[in-house]
Amino acid sequence: MLNSSALVIVGAGQDTAEFRKIADVARDCAMHLSVLVTGILPSIPVHSYPVSPYGTFEIPQAWHDLVEDQAKAASATADTLREVLAEESVETDIRVLCAEQIGLQAALSRRALSADIVVLEHGLRQDEPLFRTVLQAAVFNAATGVIVSGADASKSLRARRVFVAWNYG
């Protein structure tokens, strides 16, 4: 994968030690890393939609707080990864993408089209709804190869053999 580009998708709270392994492989292969820090935002509560044609939204403060907390956590993770990648001297761009589930799938699918390979970082598995959303977007909606990283990301990125599996049904 010399001189290629990889879209690495991570969740908020990414482990920097594991990410350094990805950065090492990227530097050794002259690979450009596009890092996407993702998170699923809660949907607007149904009870806040107005009933009458001239009603107004009344979105509860708790919903605003959840959205703000998610955005802050993702931004903090992006800042930490920016520092790690600067130390490792890796060519990179880092973006934050937090959206409702369906919007997240659509945005990830479009973003994946500009990469040679999509890497789903192992830490995504800790958040099952996020992992499922990202995996579905990468595998079924993007015409790009996908690597689901194992516990040791450097081995996943330097794989010599490829195993293709499909669950039909």
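Modeller: Start with Arg132, which forms a salt bridge with Glu128. Their closest N and O atoms are 3.8 Å apart. A salt bridge here is a side-chain nitrogen of Lys or Arg within 4 Å of a carboxyl oxygen of Asp or Glu. This is a predicted model, so local features need pLDDT of at least 70 and side-chain atom pairs count only at pLDDT 80 or more, while totals for chains, interfaces and linings use all residues. Residues are numbered from 1 along each chain as its sequence is written, and side-chain values use heavy atoms, with hydrogens and water left out.

Both residues lie in helix H4, residues 128-140. Helices (H or I, at least four residues) and strands (E, at least two) are DSSP runs, numbered from the N terminus. Arg132 and Glu128 are four residues apart, about one turn of the helix. Why does that spacing matter? An α-helix has 3.6 residues a turn, so residues three or four places apart point the same way.

How open is this pair? Arg132 is partly exposed, at 47% relative accessibility. Glu128 is partly exposed too, at 42%. The cut-offs are these: buried is under 20% relative accessible area, exposed is over 50%, and partly exposed is in between (1.4 Å probe, protein chains only).

Now check the length of H4. The expected span of a helix is 1.5 Å times one less than its number of residues. H4 has 13 residues, which should span 18 Å. Its end C-alpha atoms are 18 Å apart, so the two values agree.

Next, which residues of H4 are buried? They are Leu130, Phe131, Thr133, Val134, Ala137 and Ala138. These residues cover an arc of only 165° around the axis, which puts them on the same side of H4. The arc is that of the directions from the helix axis to the C-beta atoms.

What covers that buried set? The cover includes S1, strand S2 (32-40), H3, strand S4 (117-120) and strand S5 (145-148). Contact here means heavy atoms within 4.5 Å.

Look at S4 among these. Ile117 and Val119 point one way from S4, while Val118 and Leu120 point the other way. All of them are buried.

S4 has strand partners. Two strands pair if DSSP finds at least two bridges between them. S1 and S4 pair in the parallel sense, over four bridges. Val8 stands opposite Val119 there. S4 and S5 also pair in the parallel sense, over four bridges. In that pairing, Val118 has Val146 of S5 as its bridge partner. The chain crosses from S4 through H4 to S5, and this β-α-β crossover is right-handed. Right-handed means that, with the strands pointing away from the viewer, the path from the first strand over the helix to the second runs clockwise.

Arg111 and Asp93 meet through their side chains, at 3.4 Å from N to O. Arg111 lies in helix H3 (residues 101-112) and Asp93 in strand S3 (residues 92-99), so the pair ties together parts that are 18 residues apart in sequence. Arg111 is partly exposed, at 23% relative accessibility. Asp93 is buried, at 19%.

Arg27 forms a salt bridge with Asp24, with the closest N and O atoms 3.1 Å apart. Arg27 is partly exposed at 37%, and so is Asp24 at 27%. The pair also belongs to a network of salt bridges that links Arg20, Asp24, Arg27, Glu87 and Glu88. By the rule given above, the count comes to nine salt bridges.

H1 also holds Glu18, which is buried at 11% relative accessible area. Leaving aside its neighbours within four places in sequence, Glu18 is in contact with Glu121, Ala151, Asp152 and Ala153.
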